[in-house]
Amino acid sequence: FSGKKTYSIKSIRADRGYKNIWCVYFTGSNSDVSALVGKTNKNFGTEFKFNAANGHNNIHVIASIIWSIVFSLILLVDDYSLLISRKERFLRMTYGEKSSRIIIKELITDIAVYFSEFAILSYLSYLIYNSYICFYISLICFAVFAVLDAVINISFTDMSAKKSLSDMSAPKHILKTAYTIKFFSGIMTAVLICESLSAISFGVFLIKEKHTYEKLKSYSFIDIQPKNTFTDDSVFNILDNIKSAEKDIYSSGKSPMVLYSGENLGSGTDFIWINSNEKSQINKLLPSDNTSDLWLVPIKLKNNSDLRYKIKLFEKNGNINASIVYYSKSVRINNISSDFSSAGIHKDPVILYTPGEKTVPLDLFSGVFTNIIFKIDSYDDISGILNKYGFDNNDVQVMNAYTQFMKYYEQNKYKLILSCIILAVTLLFNFFVTNTLLTIEFQFKAKERSLKRLFGYDLISRNKNIIISIFADTVFSAIVTTILALSGTLYSPVFSVSA
C-alpha cells in the first residue's frame with residue numbers, strides 16, 4: 001500500500017566529502033544516542049552536541065488522545081448496554097444462573113472481542129506502514145480500557161428486583177459523559193478533516209502538475225555540490241566558482257526555463273521571477289511584441305508606496321531597469337522547484353519578467369538554481385563549463401525534471417489515498433458518536449419528550465439540549481482549528497472553517 005523503497009548502505013569513507021559532514025542524524029533511543037555522543041566527546045576531546053527530536057513524543061500524545069476518545073465511547077456504550085440489559089440479567093438469575101458467572105462470562109467475551117479487534121488493527125497497520133506505529137502507547141491505552149471495562153461490569157452486580165424491573169431512568173453520568181465525548185470528538189474530527197483536506201488538496205495539485213511535467217521530459221535540474229575537501233580559506237572561492245558556473249550554464253543556450261517564487265517584496269503578495277521560456281502562464285498579461293524587462297503588478301497594489309520602494313531597491317541591487325505594468329486579470333501561477341514540497345499555486349503575484357537568458361537576477365536570489373530547468377540529458381552536456389571551474393561529475397547532480405517529479409508524485413499518491421481513508425473513517429466515527437448520543441438521549445428521556453409533545457412544546461424546545469450541544473460543538477471546533485491554523489500548527493484557516 002505504501003509503495004516499495006530500496007536502500008543501499010555503504011561505508012561513509014566511500015564518499016570523498018565525508019570529512020565535510022558537520023551534522024549527523026542517528027536513529028535509536030535518546031538515551032543510547034546521548035551515551036554514544038558523550039563517549040565520543042570523552043575519547044576524542046570533541047564537543048559534539050546532541051539535540052533530541054521531539055516528534056516522537058508528539059505522536060504518542062496524539063495517539064493517546066485518539067485512543068482515549070475511542071475507548072471512552074466504547075465504555076459509554078458498554079455502560080448503556082449493561083443498563084438496558086438489567087432485566088435480562090435478572091431473569092437469568094431467577095432461573096438459577098449465578099450473577100458472578102454472568103459477569104465473568106460477559107467480561108471475558110468483551111475482552112476477547114476487543115483484543116481480537118485491537119490485534120487485527122495493529123496487524124493492518126503493520127501491513128500498511130511496515131511498522132507497528134505507536135504500538136506500546138496503544139497497548140497501554142488498551143490495558144487501561146480493559147481494566148475500566150471490568151470495573152463497569154463489576155459495578156452492575158446489584159441485581160435486586162427493584163432496580164432490575166423498574167422503568168429505565170437516565171443516570172446523569174451517562175448523559176454527561178455522552179455530551180463530553182461528543183464535544184471532544186467534534187474538535188478531533190474538525191482537526192483531522194482539516195489535515196485530510198489539506199493533504200487531499202496538495203495531492204490534487206500534484207495530479208494536475210503531472211500533465212505539466214510530462215511535457216518537460218527533456219529538461220533537468222542541476223545541483224552543484226562540491227565533494228572535495230576544502231578549508232575555511234577556500235570555501236569562499238568555491239562559492240564564487242559555483243555562482244560563476246551557474247551563470248555560464250544559464251547563458252550557454254540550454255533553454256533555461258525559470259519559474260522562481262521568493263519572499264514577497266513587502267506587499268504581502270507572492271513574488272515570482274519568470275523568463276521568456278516559461279511565459280505561457282502569463283501570456284495574457286504581457287504587452288504584444290515586448291522585448292524588455294517588466295514588472296507585472298496587480299492593479300490593487302498600484303498605490304502601494306512600500307512596494308514601489310522595494311522594486312527600486314531591487315533594481316538597484318540587481319542592475320535591472322524594468323517598466324511597471326499593472327494587470328487586472330486574475331492569474332494563477334505554478335512555480336517550478338526541485339524540492340516539490342515547496343511547489344505551489346500563486347494567485348495574482350508580483351512578477352518580474354526577463355526575456356532572453358539574462359544572468360543578472362541569479363545574484364539576487366538564494367537557491368534560485370533549484371527553480372531553473374535546462375534542456376540537457378546528462379552531465380556531459382555541461383561538462384566543459386563545469387571543468388572550467390574545477391568541478392567534475394562527482395560534484396554535480398543532473399536530475400531529470402519528470403523523473404524527479406514522478407518520485408515525489410508516487411510518494412504523495414499514497415498520502416492522498418490514506419488521507420481519503422482517514423477522512424471517510426473520521427466522518428463515520430463522528431456519525432457513530434452523534435448517533436449514540438441521540439439514541440441515549442431519546443431513550444432515556446422518552447417519557448419527558450412525550451409529555452412535552454402532549455403539552456404543546458415545539459420541536460426546538462423539545463430538543464434544546466441537543467441543538468445547543470451540536471451548535472456549540474461546531475462553533476468551538478471551528479474556533480479551535482482556526483486558531484491552530486493561524487498559529488501554523490494546521491495548514492489553512494480556510495480548511496479549518498470548512499472542517
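Is Phe142 buried or exposed in this structure? With a relative accessibility of 8%, Phe142 falls under the 20% limit and therefore counts as buried. The model described here is predicted.

## Aromatic pairs

The structure contains 10 aromatic pairs. In one of them, the ring centres of Phe142 and Phe145 lie 6.0 Å apart and the planes meet at 45°, so this pair is classed as tilted.

Helix H5, spanning residues 135-154, holds both Phe142 and Phe145. The two residues are separated by three positions, about one turn of the helix. Phe145 has a relative accessible area of 2% and is buried, as is Phe142 at 8%.

Phe142 and Phe145 also belong to a cluster linked by ring pairs.

The relative accessibility of Leu124 is 42%, between the limits of 20% and 50%, so Leu124 counts as partly exposed.

## Positively charged surface patch

A patch of positive charge on the surface brings together Lys208, Lys300, Arg332 and Lys347. Of these residues, Lys347 is part of strand S7, which comprises residues 345-347.

How values were computed. Residues are numbered from 1 along each chain as its sequence is written. This is a predicted model: local features need pLDDT of at least 70, side-chain atom pairs count only at pLDDT 80 or more; totals for chains, interfaces and linings use all residues. Side-chain values use heavy atoms; hydrogens and water are left out. Patches are made of residues with over 30% relative accessible area and no salt bridge: like charges are joined within 9 Å, nonpolar side chains (Val, Leu, Ile, Met, Phe, Trp, Tyr) within 5 Å. Accessible areas come from the Shrake-Rupley method with a 1.4 Å probe; for residues, only the protein chains shown count as cover. A salt bridge is a side-chain nitrogen of Lys or Arg within 4 Å of a carboxyl oxygen of Asp or Glu. Lys and Arg count as positive and Asp and Glu as negative; His and the chain ends are not counted. The place of a charge is taken as NZ of Lys, CZ of Arg, CG of Asp or CD of Glu. Helices (H or I, at least four residues) and strands (E, at least two) are DSSP runs, numbered from the N terminus. Rings of Phe, Tyr and Trp (its six-membered ring) pair if their centres lie within 6.5 Å; planes under 30 degrees apart count as stacked, over 60 as edge-to-face and the rest as tilted. Buried means under 20% relative accessible area, exposed over 50%, partly exposed in between (1.4 Å probe, protein chains only).
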